[in-house]
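Q: Please take a close look at the aromatic rings in this structure. Keep it brisk.

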Amino acid sequence: MSVMQIRQITTPKEQTELDQFLWEVLWQPFDFARDVRQKFKLDKPHIDLVAFDGDSMMGAIVAYYLSDSEIEIRHMAVKSDMQGNSVGKNLVDRLITLVTNQTMQRIKVYARSTSQGFYARCGFKPVGLCFENPLFEKHGISIQPMHLDL
């Protein structure tokens, strides 16, 4: 791995590449429909951060502004062969840096049971009880609300 670069994406071409990346990493392994991301979209401003190794996308984080004080990580994906190389941690850290310079007081996430440990290592705390989401329940994955106070 060469030097990782994290940047916000803004162009339609980059948005299309991000959409493809998220589908391949997050949803294709579960045989979800190609357009499943549309079910998770919010009609709110958001931040798209992508980690690159040269021209290759290694990871991404999509966070939506819920209010003047809260932002929610809606999607987080790291290529399986890049996990354990601090890609996800660097994306979360960059998001924290960006929103700390604003009026954000909390970052929320609905973590899959497969990623709760990662978010806990990043400082997120569980809030409330785990719940089932019909899309993930049949795969044995539950959802845990978590947050990080800034």
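A: Here is a walk through the aromatic pairs and their surroundings. This is a predicted model, in which local features need pLDDT of at least 70, side-chain atom pairs count only at pLDDT 80 or more, and totals for chains, interfaces and linings use all residues. Residues are numbered from 1 along each chain as its sequence is written, and side-chain values use heavy atoms, without hydrogens or water.

The structure holds 7 aromatic pairs. Rings of Phe, Tyr and Trp (its six-membered ring) pair if their centres lie within 6.5 Å; planes under 30 degrees apart count as stacked, over 60 as edge-to-face and the rest as tilted. Helices are DSSP runs of H or I with at least four residues, strands are runs of E with at least two, and both are numbered from the N terminus. W27 is buried at 2% relative accessibility. F40 is buried too, at 15%. Buried means under 20% relative accessible area, exposed over 50%, partly exposed in between (1.4 Å probe, protein chains only).

Y110 and F131 have ring centres 6.1 Å apart and planes at 70 degrees, so this pair is edge-to-face. Y110 lies in strand β5 (residues 106-112) and F131 in strand β7 (residues 131-132), so the pair ties together parts 21 residues apart in sequence. Y110 is partly exposed, at 38%. F131 is partly exposed, at 33%.

F30, F32 and F136 form one aromatic cluster.
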